[in-house]
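Hi,

Here is the structure I promised to pass on to you. Please have a look at it first, and then read on for what turned up.

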Amino acid sequence: MSCESDAKTPIEEEKKYKKESSTMEEVKTQEGVLVLKAMPEFKMEAYDAATGHYTEVSSEDYKGKWTVVCFYPADFTFVCPTEIAAMNAAKPFLDELGVEVLAVSTDTKFSHKRFVETEPLLKDLKLTIAADPTGEVTRKFGVMIEGAGIALRGRFLINPDGVIVAQEVQAPPVGRSVKEFLRQIIAHQHAHKTGEVCPANWRPGKKTLPVNTDVEPMTGNVGSYVNLNDLIDEADVKEMEEMVKAFKG
C-alpha cells in the first residue's frame with residue numbers, strides 16, 4: 001500500500017490547525033518553539049501609558065484579536081526605550097490593522113511608570129507595559145534569561161484563533177525592526193484571510209501563491225507563478241547594497 005494516501009501537505013496541516021484551535025496544546029514542535037501553539041495564559045499588573053494609570057491585563061483580554069506580545073530586558077536600559085518608541089510610532093498602523101500590542105518586562109508596574117515619565121523617547125507613549133517581576137509569564141513564553149532575571153527580546157504574533165504564528169527572539173544588544181514586523185503582520189493577516197501563502201519578502205501589491213486552488217500544478221513549479229524580481233527587486237538590492245556599504249564604511 002502506498003503511503004502517499006495518508007500523507008498531508010503543509011497546507012492541509014495548516015487548515016487542520018485553524019479548524020482545531022482548541023487542541024493547539026497538542027501540537028508538537030521543538031522545545032522552546034511556540035509557533036503553532038496556543039498563546040500561554042497569563043494575568044499581570046501593568047502600567048497603561050495612554051491613561052497614566054495602573055491596570056491589569058490577562059490573556060483573556062486578547063482572545064479573538066490579532067495580538068503582539070513583546071518582551072524586552074529591562075526599564076532604564078539603552079536599546080529597550082528605542083524599541084518601545086519605535087513600536088509606539090507604528091501604533092496608528094497597528095490600530096488600523098486591528099492589532100493589540102502588549103509590552104512586557106520583569107520590572108514592576110512602579111518601575112514602568114517612572115521609566116515612561118522620565119525617558120524622553122517615551123514621551124506621548126500610548127502602549128500598555130505589563131509587569132512580570134516573578135518571571136512566570138516570561139518563562140511561559142520561553143524567553144527568560146535565568147540568573148539575570150530579565151527577558152530576551154522576544155516578540156510573538158498571535159492570530160484571532162489564539163495561535164502563535166510568528167516568534168522572533170534576539171539577544172539583548174540588538175533592537176528589532178518594527179518595519180519588517182509590520183510587513184509580517186500584513187502577510188499573516190492576508191494568509192489567514194485568503195488561504196493563500198506569501199513568498200519571501202512579500203508585501204501588498206506583490207504576487208502570492210494560491211495554494212488554496214492551485215496546489216497540484218504549483219508543486220515543483222513555483223517559478224511559473226513568481227520570479228526572482230517578485231521576491232527581490234531593484235529597490236531591495238539597492239537598499240541592501242547601501243546598508244552593507246554603510247556598515248563597511
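**What turned up**

In this predicted model, Asp233 counts as buried, because its relative accessibility is 13%, under the 20% limit. Asp233 is in a salt bridge with Lys206, and their closest N and O atoms are 3.4 Å apart. Asp233 sits in the loop between helix 8 (228-231) and helix 9, while Lys206 belongs to the loop between helix 6 and helix 7, so this pair ties together parts that are 27 residues apart in sequence. Lys206 is partly exposed, with a relative accessible area of 23%. Through salt bridges that share partners, Arg203, Lys206, Asp233 and Asp236 are joined into one network.

Asp236 is buried at a relative accessible area of 16%, whereas Arg203 is partly exposed at 31%.

Arg203 and Asp236 come up again in the pockets. The largest pocket has a volume of about 450 Å³. Its lining includes Arg203, Asp236, Ile232, Met240 and Met243, and also Lys179, Glu180 and Arg183. Helix 6 and helix 9 are the elements that give two or more residues to this lining, and helix 9 gives the most, with four.

What does the surface around Ile232 look like? Ile232, Val237, Met240 and Met243 make a nonpolar surface patch of about 350 Å². Ile232 is in the loop between helix 8 and helix 9 and is partly exposed, with a relative accessible area of 31%.

**Around helix 2**

Helix 2 (residues 79-89) has a set of buried residues: Cys80, Pro81, Glu83, Ile84, Ala85, Met87 and Asn88. Which elements do the buried residues of helix 2 pack against? They are strand 3 (66-71), helix 3 (91-96), strand 4 (99-105), helix 4 (109-118), strand 8 (153-158) and helix 6 (178-194).

Among the buried residues of helix 2 is Glu83, and the side chain of Glu83 meets that of Arg153 in a salt bridge of 2.9 Å, N to O. Here again distant parts of the chain are linked: Glu83 is in helix 2 and Arg153 in strand 8, 70 residues apart. Glu83 counts as buried at 11% relative accessibility, and Arg153 counts as buried at 2%. In the whole structure, the search finds 16 salt bridges.

Of the 14 residues that line the largest cavity, Cys70, Glu83, Ile84, Met87 and Arg176 lie nearest its centre. Strand 3, helix 2 and strand 4 each give two or more residues to this lining, and the largest share, four residues, comes from helix 2.

Best wishes

Definitions and conventions: Residues are numbered from 1 along each chain as its sequence is written. This is a predicted model: local features need pLDDT of at least 70, side-chain atom pairs count only at pLDDT 80 or more; totals for chains, interfaces and linings use all residues. Side-chain values use heavy atoms; hydrogens and water are left out. Buried means under 20% relative accessible area, exposed over 50%, partly exposed in between (1.4 Å probe, protein chains only). Contact means heavy atoms within 4.5 Å. A salt bridge is a side-chain nitrogen of Lys or Arg within 4 Å of a carboxyl oxygen of Asp or Glu. Patches are made of residues with over 30% relative accessible area and no salt bridge: like charges are joined within 9 Å, nonpolar side chains (Val, Leu, Ile, Met, Phe, Trp, Tyr) within 5 Å. Accessible areas come from the Shrake-Rupley method with a 1.4 Å probe; for residues, only the protein chains shown count as cover. On a 1 Å grid over the protein atoms alone, a cavity is a set of points where a 1.4 Å probe fits but cannot get out, and a pocket is an open set with protein on both sides within 12 Å along at least five of seven lines; lining residues have an atom within 4 Å of a point. Grid points are joined across faces, edges and corners, and a volume is the space filled by probe spheres set on the points.
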